[in-house]
Every structure is written in C-alpha cells, then in structure tokens.
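Hi,

Here is the structure I promised to pass on to you. My notes on what I found follow below it.

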Amino acid sequence: MVARVQIKIELVAQDDATKLFEFECQNRVFFEKWVPTRGEAYYEFDSFCHILSNLLQDQAEGKDYFHLIRDEHGTILGRINIVDIQVIDSVKSGHIGYRIGESHRGRGIASDAVRLLVQKAVEEYYITLLYAKTTMNNLASQKVLEKNHFLFVTTDHDQNESEPFRHYVWNA
C-alpha cells in the first residue's frame, strides 16, 4: 500500500505559471483519457500564461477559485477549482472540478483535496451548494465525490460533449 500524502490546497497565483504549465504538459495525455482536451493553444506557454491571467482576473473578482494541490515539499500534485459561482435566492453555489497528476493517483489525494475544498467553500467563500460531474468511465472520481457526501443526481449529455456525464450535488 502506498503511503498517504499530506496535502494542502492554495489559490493559484501568477508566480505559479511555469510550474503549473509543466504539470499540465506532463499530464496532458493522462488527463485527456478522462476529460475533454483543452486544445493545442493551452499547451503553448505564451497562450497558457494569457489564459491563466484571465482566470486569475475571474478569481480576483470572486467568480471562480483556482487551487493547486501541493505536498509538504510544495510539489504540484493536482488542481482543484470552484467555477461558475453564482447566488440565486440567497444561496451561493459553484461547480467543482479537479485533476490529479498521473504519478500521484491512488493515494487519497483527490479525496483529501475535495474534503479541504468543501470546507474552504463553506468557511471562506460562503458557498453552500456545490455541483460536480464525472465522465461515465471515471469510477475513481465518482468514488471521490461519494466519499465526500456528494449525491448522484442524474446522467446526461452536456452540450457539445460526446460522452454522457454523471452529475452530483453537495449541500451544506
């Protein structure tokens, strides 16, 4: 059995661009087995930096929160985000997504990161309703969500996606 890794999640900053770009490039093939591609431009450094700057602007405005998952040495193990934040009838909600680097899977990192993000969502961002989705074949991600008390809602095709997704919800 592989030893459990102690992790922390922290907001992405512009200073993280180089290391984050390297992480994304190293794991591109692995990630694209599970989620739709981000396109060629995402894997060109200048374009990546421009995309990151736009994301950080949205983060500064409280529209989205982008986090790195790091180990005790500061190594990037993955990413976890809350996006599309909105308030409807005084309920603040958002959609979570996460990705763990291929060499770091199978050690409970995603489960721990989701737990930490849910806690941060409630305590720091005042979000009480979270949505998530996984591709049908991503059983590991489905287990992560269910372990963190996300409830399965439905299966359907998202717009412009060829594969059906399983949709989940978590409510404080």
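In helix 5 (residues 139-147), the buried residues are Ser-141, Gln-142, Val-144 and Leu-145, where buried means under 20% relative accessible area, exposed over 50% and partly exposed in between, with a 1.4 Å probe and protein chains only. Helices here are DSSP runs of H or I with at least four residues, strands are runs of E with at least two, and both are numbered from the N terminus. Looking down the axis of helix 5, you will see its buried residues fall within an arc of 160 degrees, so they line one face of the helix; the arc is that of the directions from the helix axis to the C-beta atoms. Leu-139, Ala-140, Lys-143 and Lys-147 are exposed on the other side of helix 5.

Before I go on: this is a predicted model, so local features need pLDDT of at least 70 and side-chain atom pairs count only at pLDDT 80 or more, while totals for chains, interfaces and linings use all residues. Residues are numbered from 1 along each chain as its sequence is written, and side-chain values use heavy atoms, with hydrogens and water left out.

Back to helix 5: its buried residues are covered by elements including strand 4, helix 4, strand 5 and strand 7, with contact meaning heavy atoms within 4.5 Å. Ser-141 counts as buried at 10% relative accessibility. Leaving aside residues up to four places away in sequence, Ser-141 touches Tyr-98 and Thr-134. Just after helix 5, His-149 has a positive phi of about 70 degrees.

Seven strands form an open sheet with mixed pairing, in the order 1-2-3-4-5-7-6; two strands pair if DSSP finds at least two bridges between them. Strand 1 (7-11) and strand 6 (151-157) are at the edges with a single partner strand each, so one side of each has no neighbour in the sheet. From one strand to the next, the twist averages 25 degrees. The axes behind such angles are lines fitted to C-alpha atoms, for helices over the stretch in contact, and angles run from 0 to 180 degrees between N-to-C directions.

Going through the pairs:

- Strand 2 (residues 65-71) and strand 3 (residues 76-88) run antiparallel and are joined by six bridges, with Leu-68 opposite Arg-79 in strand 3. They form a hairpin with four residues between them, and Gly-74 in the turn has a positive phi of about 90 degrees.
- Strand 3 and strand 4 are also antiparallel, with nine bridges, and Ile-88 has Val-91 in strand 4 as its bridge partner. Their hairpin has two residues between the strands, and Asp-89 there takes a positive phi near 50 degrees.
- Strand 4 and strand 5 run parallel, joined by three bridges, and Gly-94 stands opposite Leu-130 in strand 5.
- Strand 5 and strand 7 (residues 164-171) are antiparallel with seven bridges, and Lys-133 has His-167 in strand 7 as its bridge partner.

How buried is strand 5 (residues 129-135)? Five of its seven residues are buried, so strand 5 is largely enclosed by the rest of the structure. Strand 5 also belongs to a right-handed β-α-β unit together with strand 4 and helix 4 (residues 109-123). Right-handed means that, with the strands pointing away from the viewer, the path from the first strand over the helix to the second runs clockwise.

Finally, helix 3 (residues 45-60). Helix 3 has 16 residues and reaches 22 Å from its first C-alpha to its last, close to the 22 Å expected at 1.5 Å a residue; the expected span is 1.5 Å times one less than the number of residues. Which residues of helix 3 are buried? They are Phe-48, Cys-49, Leu-52, Leu-56 and Gln-59. These cover an arc of only 95 degrees around the axis, which puts them on the same side of helix 3. The face turned away from that buried side carries the exposed residues Asp-46 and His-50. Strand 1, helix 1 and strand 2 are among the elements that cover the buried residues of helix 3. Just after helix 3, Gly-62 takes a positive phi of about 75 degrees.

Best wishes
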